[in-house]
Every structure is written in structure tokens, then in C-alpha cells.
Amino acid sequence: MESWKLKLKGDWNQTKGKIKQEYADLTDDDLKYEEGKDDELVGRLQKKTGKVKEDVIKWIESL
């Protein structure tokens, strides 16, 4: 499993807090994580941040 998906499953609340610090305009709905819907979350983050999928994944991994 990719490391970014492990990060989502492991400490999602902590990761979500770090994301909100960087992008305060993201809502709880934008950051809603459901197991098995990793790509959906990445898609929402792409739309809100304007980053491409690969950059969103790298960003999540770096948190």
C-alpha cells in the first residue's frame, strides 16, 4: 500500500489538522475521509488547492 494511503488511515485527525493549517478555507466536508475512497479525497483536495494529483499525494506524504 502506498505511504500516503497509510497516512490517511493512521493519524488522519492529526494530518487533517496540518492540512487545515495550510489551507484554512478547506471545510470538514472537503476533508472527510472514508476508507476505500482515497482517490475521492485526493480529487476534492485537487479541486480546492489547484494542485495536480501527484503534488497532492506528495504533499500528504510530507505532512
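**Reading helix packing and ring pairs**

Mentor: The crossing of α1 and α4 is left-handed. Keep in mind that this is a predicted model.

Trainee: Which residues make the contact between α1 and α4?

Mentor: On the α1 side they are Ser3, Trp4, Lys7 and Leu8, and on the α4 side Ile57, Ile60 and Glu61. Sorted by class, this contact of α1 with α4 holds 4 nonpolar, 1 polar and 2 charged residues.

Trainee: What describes two packed helices?

Mentor: The description uses the angle between their axes and the distance between the axes. Here, helix α1 covers residues 3-10 and helix α4 covers residues 53-62; they pack at about 55°, and their axes are 9 Å apart.

Trainee: At what angle do α1 and α3 pack?

Mentor: Their angle is about 95°, and the axes lie 11 Å apart. The helices α1 and α3 are therefore roughly perpendicular to each other. From α1, the residues Trp4, Lys5 and Leu8 meet Asp38, Asp39, Leu41 and Val42 of α3. The contact of α1 with α3 divides into 4 nonpolar, no polar and 3 charged residues.

Trainee: How far apart are the axes of α3 and α4?

Mentor: The axes of α3 and α4 are 9 Å apart, and the angle is about 105°. That makes α3 and α4 roughly perpendicular to each other as well. On the α3 side the contact is made by Asp39, Val42, Leu45, Gln46 and Thr49, and on the α4 side by Lys53, Val56, Ile57, Trp59 and Ile60. By class, the residues of the contact of α3 with α4 are 6 nonpolar, 2 polar and 2 charged.

Trainee: Now for the rings. How many aromatic pairs are there?

Mentor: For a pair, the ring centres must lie within 6.5 Å. Counted this way, there are 2 aromatic pairs. Take Trp12 and Tyr33: their centres are 5.9 Å apart, with 50° between the planes, and the pair is tilted.

Trainee: Where do Trp12 and Tyr33 lie?

Mentor: Trp12 is in helix α2 (residues 12-22) and Tyr33 is in the loop between α2 and α3 (38-49), so their pair ties together parts that are 21 residues apart in sequence. Trp12 and Tyr33 are both buried.

Trainee: Why is the pair of Tyr23 and Trp59 called edge-to-face?

Mentor: Planes over 60 degrees apart count as edge-to-face. The planes of Tyr23 and Trp59 are at 85°, so this pair falls in that class; the ring centres are 5.2 Å apart. Tyr23 lies in the loop between α2 and α3 and Trp59 in helix α4, so the pair links distant parts of the chain, 36 residues apart.

Trainee: Are Tyr23 and Trp59 buried or exposed?

Mentor: Buried means under 20% relative accessible area. Tyr23 has 19%, so Tyr23 is buried. Trp59 also counts as buried, because its relative accessibility is 6%.

Trainee: What about Glu2: buried, exposed or partly exposed?

Mentor: Glu2 sits in the segment before α1. Its relative accessibility is 41%, so Glu2 counts as partly exposed.

Trainee: How far is Glu2 from Ala24 in sequence and in space?

Mentor: In sequence, Glu2 and Ala24 are 22 residues apart; in space, the separation is 26 Å, C-alpha to C-alpha.

How values were computed
Residues numbered from 1 in each chain as written. Predicted model: local features only at pLDDT ≥ 70, side-chain atom pairs only at ≥ 80, totals over all residues. Heavy atoms only, no water. Axes fitted to C-alpha atoms, helices over the stretch in contact; angles between N-to-C directions. Helix = DSSP H or I, 4+ residues; strand = E, 2+ residues; numbered from the N terminus. Left-handed = near helix turned anticlockwise from the far one by under 90°. Contact = heavy atoms within 4.5 Å. Nonpolar A, V, L, I, M, F, W, Y, C, P; charged D, E, K, R; others polar. Phe/Tyr/Trp six-rings, centres within 6.5 Å; stacked < 30°, edge-to-face > 60°. Buried < 20%, exposed > 50% of the residue type's maximum accessible area, 1.4 Å probe, protein only. Parallel < 35°, antiparallel > 145°, perpendicular 65-115°, else oblique.
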